[in-house]
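The stops below cover a helix packing and then some aromatic rings.

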Amino acid sequence: FRKGELPMGEVWNYTPLQCAETRKRLNRETELENPRRTAILLTCSRAFAFCTYVSVASLFKNSPQLAQESDVLVFLWNAPSGMKQIFASISPQVHVLDFDMPYPVPDRKAISMFTPASYARFECFRLLDRYERVLFLDADILVRKELDIFPQVKHGIAMTLDPVMTTVERNFFSVPEGVNPKTTGYNAGVFALTRDLPCPGSYAKLTDWLYEKMAEWADFVFLPDQAVINVAVEHFGWQVTTLSKDYNRPASSSRADLKRAFIVHSTGTRKFWCYYYFRDWYQLYAEWIAKGGEPVSIRKDSPAYISFCRKHGLQDRVFFQLMPDCFAHPTKALRFALKAWLKAEF
């Protein structure tokens, strides 16, 4: 959860006592009475709740078999109770928890440019103490087909290669001593874990190690969560199953590639809510709005587009919330409008 998301003037800092209390609460709240075999974890702050809702809803719509046999855990940071109820309305299997930092991390620019929600993915490893299988899904993804990831996981962990951060060193401003900079870079936006994953003692200790290293390397990391998970691969000698790109397919891919994709990921600055038209994403976002969800607030529209929408009372309409800025990107906006009119798949 990226730069600019924190409220103005908010201090991103937690005392050891606050973190210890958070740890106890998270442990207690994730101990469900009748846990299923599989947990699926998603996490976001209030600003990204709208797209995380789409990720969860698309999971239940397009991968119903996996969704129905899983506990779906949504960790929210700084979100109101009404927002939690909207997530819970998707299915009784969706469990919404308040997340905050359970480990004290220095307040450094590279760390605090993200919200605590970004680091909740470390909790996937701890969940292996309670679940046989755990899947992490990023906030800005769209599930398009039934997910059959777990049969592919041979040695406890599966991820896709990162098309940009191709080596570990690219996740750091400068590589800390003892870290091999040239090892393979994996994308931490989608990953699957099973109890075949080697770890030192309990999986809870492994999660603590991830937080500890992020704190230790606070002055070095560029993408903190992904950096630490990538280093753990070599440190613990994990044999990663390299998933097909179809399980983490960039939204910029060709139509042929998108048709094959199980998961589409709107990586970088080109997002579903300001650049691409995907029918399922559009419809599920409209569902979020209809349930009283907050509209997208993280677009960077031109003053002309903002003024135009306000003048004509269009800011509350889903189409104009999602259409690319027609003043800054007229061709893209026209293409989006045509696809929406035709109800094209993407």
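At what angle do helix 7 and helix 8 pack, and how far apart are their axes? Select residues 203-216 for helix 7 and residues 224-235 for helix 8 in this predicted model. The two pack at an angle of about 120°, and their axes are 10 Å apart. Helix 7 is therefore oblique to helix 8. Their crossing is right-handed.

Next, show the side chains at this contact. From helix 7, select Trp-209, Leu-210, Lys-213 and Met-214; from helix 8, select Pro-224, Val-228, Val-231, Ala-232 and His-235. Sorted by class, the contact of helix 7 with helix 8 has seven nonpolar residues, one polar and one charged.

Now turn to the aromatic rings, for which the count comes to 32 aromatic pairs. Select Tyr-53 and Trp-288: this pair is tilted, at 5.3 Å centre to centre with 45° between the planes. Tyr-53 sits in helix 2 (residues 49-62) and Trp-288 in helix 10 (residues 279-290), 235 residues apart. Both Tyr-53 and Trp-288 are buried.

Move on to Tyr-277 and Phe-336. Their ring centres are 5.5 Å apart and their planes lie at 85°, so the pair is edge-to-face. Tyr-277 is in the loop between strand 10 (263-265) and helix 10, while Phe-336 is in helix 13 (residues 330-342), so the pair ties together parts 59 residues apart in sequence. Tyr-277 and Phe-336 are both buried.

For the last stop, select Phe-48, Phe-50, Phe-272, Trp-273, Tyr-275, Tyr-276, Phe-278, Trp-281, Tyr-285 and Phe-346, which form one aromatic cluster.

Key. Residues are numbered from 1 along each chain as its sequence is written. This is a predicted model: local features need pLDDT of at least 70, side-chain atom pairs count only at pLDDT 80 or more; totals for chains, interfaces and linings use all residues. Side-chain values use heavy atoms; hydrogens and water are left out. Axes are lines fitted to C-alpha atoms, for helices over the stretch in contact, and angles run from 0 to 180 degrees between N-to-C directions. Helices (H or I, at least four residues) and strands (E, at least two) are DSSP runs, numbered from the N terminus. Angles under 35 degrees count as roughly parallel, over 145 as roughly antiparallel, 65 to 115 as roughly perpendicular and the rest as oblique. A crossing is left-handed if the near helix is turned anticlockwise from the far one by less than a right angle, and right-handed if clockwise. Contact means heavy atoms within 4.5 Å. Ala, Val, Leu, Ile, Met, Phe, Trp, Tyr, Cys and Pro count as nonpolar, Asp, Glu, Lys and Arg as charged, and the others, Gly among them, as polar. Rings of Phe, Tyr and Trp (its six-membered ring) pair if their centres lie within 6.5 Å; planes under 30 degrees apart count as stacked, over 60 as edge-to-face and the rest as tilted. Buried means under 20% relative accessible area, exposed over 50%, partly exposed in between (1.4 Å probe, protein chains only).
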